[in-house]
Amino acid sequence: MMGNVSVLTFFTLSGLNYTMQHKIILFALTLLCYAIIWIVNVFVILTIIVDQKLHEAMYIFLCNLCINGLYGTAGFYPKFLNDLLSPFHVVSYAGCLLQSFVIHSSSASELSILAVMAFDRYVAICRPLEYHSVMTRRRISLLVAFSWLLPLHCMFSNTVTILKLKLCGSHIPKLYCSNPLIDKLACSKSITNAAIVYFNIGIYIIHLLFLLWTYIYLIKTCLTSKHGRKKFMNTCVPHLVSLISYCFAVLFDVMYTRYGSNMLSQSLKNFMAIEFLILPPVIHPLVYGLKLTKIRKRILGFIQGQKESV
């Protein structure tokens with residue numbers, strides 16, 4: 001396939017050592033999961049776009065969170081579904097880098113959007129009289145741009161340094177391509193790549209610290225009054241559920257990438273690798289759709305309207 005430092009044209013993926021019967025069942029379940037992700041996210045996106053009353057900061061950020069869910073899963077599910085029907089689990093060099101870029105940038109963008117949403121809740125609850133002067137259309141646009149452009153830039157920089165590496169292997173022990181695993185195939189370590197990786201990690205540690213500080217402050221503020229507790233339960237709990245599900249999902253992926261053990265079953269390792277591509281894209285729209293009053297009323301109104309027309 002290649003010499004020690006010959007030109008690499010494709011990678012082989014692992015983790016699909018199942019019988020054809022199991023693969024067909026897994027294909028059906030995966031297709032169902034992907035269909036649910038598309039249905040619930042598109043429904044929330046269209047609800048927010050169509051209803052002028054939902055053109056507020058919180059709902060605009062939620063819309064972007066759902067769009068990001070579709071973007072990230074598009075980097076995994078089509079290729080994975082194809083692999084389930086194919087005896088060969090390979091991906092081209094360019095396709096591997098693209099898949100890794102999409103999945104990692106989506107994961108990073110999700111954290112950026114959650115941080116922006118936390119800032120919005122902080123202003124709404126802690127500085128309610130200043131909310132409309134702080135969350136202007138211009139600032140909302142800047143925050144949306146920040147939540148997309150920063151992660152795209154971070155992952156693009158990382159991908160460019162990966163592109164320059166000379167690789168001494170072509171096997172990726174995972175269901176999909178991942179920059180850390182491609183980096184492990186390098187013939188020698190790149191200081192530039194390591195510096196960019198740690199810089200990116202530093203940026204998102206700051207995101208996490210900001211989220212932690214925001215929620216500690218919000219909880220302390222809301223506990224002082226009954227109205228504050230009610231407002232926190234109505235608008236912040238869905239965001240907190242999304243944040244916790246995201247953190248656990250990414251933790252599973254990091255544990256798999258860094259500490260994957262042969263003692264674990266292949267099915268468990270596969271679940272750890274793709275959990276963040278299954279739960280958050282489903283949980284985000286469902287939790288927000290059920291908990292946020294305006295969206296829930298709009299969805300129920302649409303369903304009732306459909307029943308009356310029938």
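**Close-up views of a predicted model**

Arg 121 is buried, with a relative accessible area of 7% (buried means under 20%, exposed over 50%, partly exposed in between; 1.4 Å probe, protein chains only). This is a predicted model, in which local features need pLDDT of at least 70, side-chain atom pairs count only at pLDDT 80 or more, and totals for chains, interfaces and linings use all residues. Residues are numbered from 1 along each chain as its sequence is written, and side-chain values use heavy atoms, leaving out hydrogens and water.

**View 1. Asp 120 pairs with Arg 121 in a salt bridge.** The closest N and O atoms are 2.8 Å apart. A salt bridge here is a side-chain nitrogen of Lys or Arg within 4 Å of a carboxyl oxygen of Asp or Glu. Asp 120 is buried, with a relative accessible area of 1%. A search of the whole structure finds three salt bridges. Side chains of opposite charge can pair when their charged atoms come close.

**View 2. Lys 79 and Asp 83 form a salt bridge within helix H3.** The N to O distance is 2.6 Å. H3 spans residues 77-84. Helices are DSSP runs (H or I, at least four residues), numbered from the N terminus.

**View 3. Arg 127 meets Glu 130 in a salt bridge.** Their side chains come to 2.8 Å, N to O. Arg 127 is partly exposed, with a relative accessible area of 29%. Glu 130 is also partly exposed, with a value of 37%.

**View 4. Helix H2 crosses helix H6.** H2 covers residues 57-74, and H6 covers residues 137-163. Their axes come within 10 Å and cross at roughly 25°. That makes H2 roughly parallel to H6 (angles under 35 degrees count as such). Axes are lines fitted to C-alpha atoms, for helices over the stretch in contact, with angles from 0 to 180 degrees between N-to-C directions. The crossing is right-handed: the near helix is turned clockwise from the far one by less than a right angle.

**View 5. A nonpolar patch lies on the surface.** Its members are Tyr 198, Ile 201, Ile 205, Leu 209, Leu 212 and Ile 216. Together they have about 620 Å² of accessible area, from the Shrake-Rupley method with a 1.4 Å probe. Patch residues have over 30% relative accessible area and no salt bridge, with nonpolar side chains joined within 5 Å. Ile 216 belongs to helix H8 (residues 191-222). Ile 216 is partly exposed, with a relative accessible area of 45%.

Definitions and conventions: Patches are made of residues with over 30% relative accessible area and no salt bridge: like charges are joined within 9 Å, nonpolar side chains (Val, Leu, Ile, Met, Phe, Trp, Tyr) within 5 Å. Helices (H or I, at least four residues) and strands (E, at least two) are DSSP runs, numbered from the N terminus. Angles under 35 degrees count as roughly parallel, over 145 as roughly antiparallel, 65 to 115 as roughly perpendicular and the rest as oblique.
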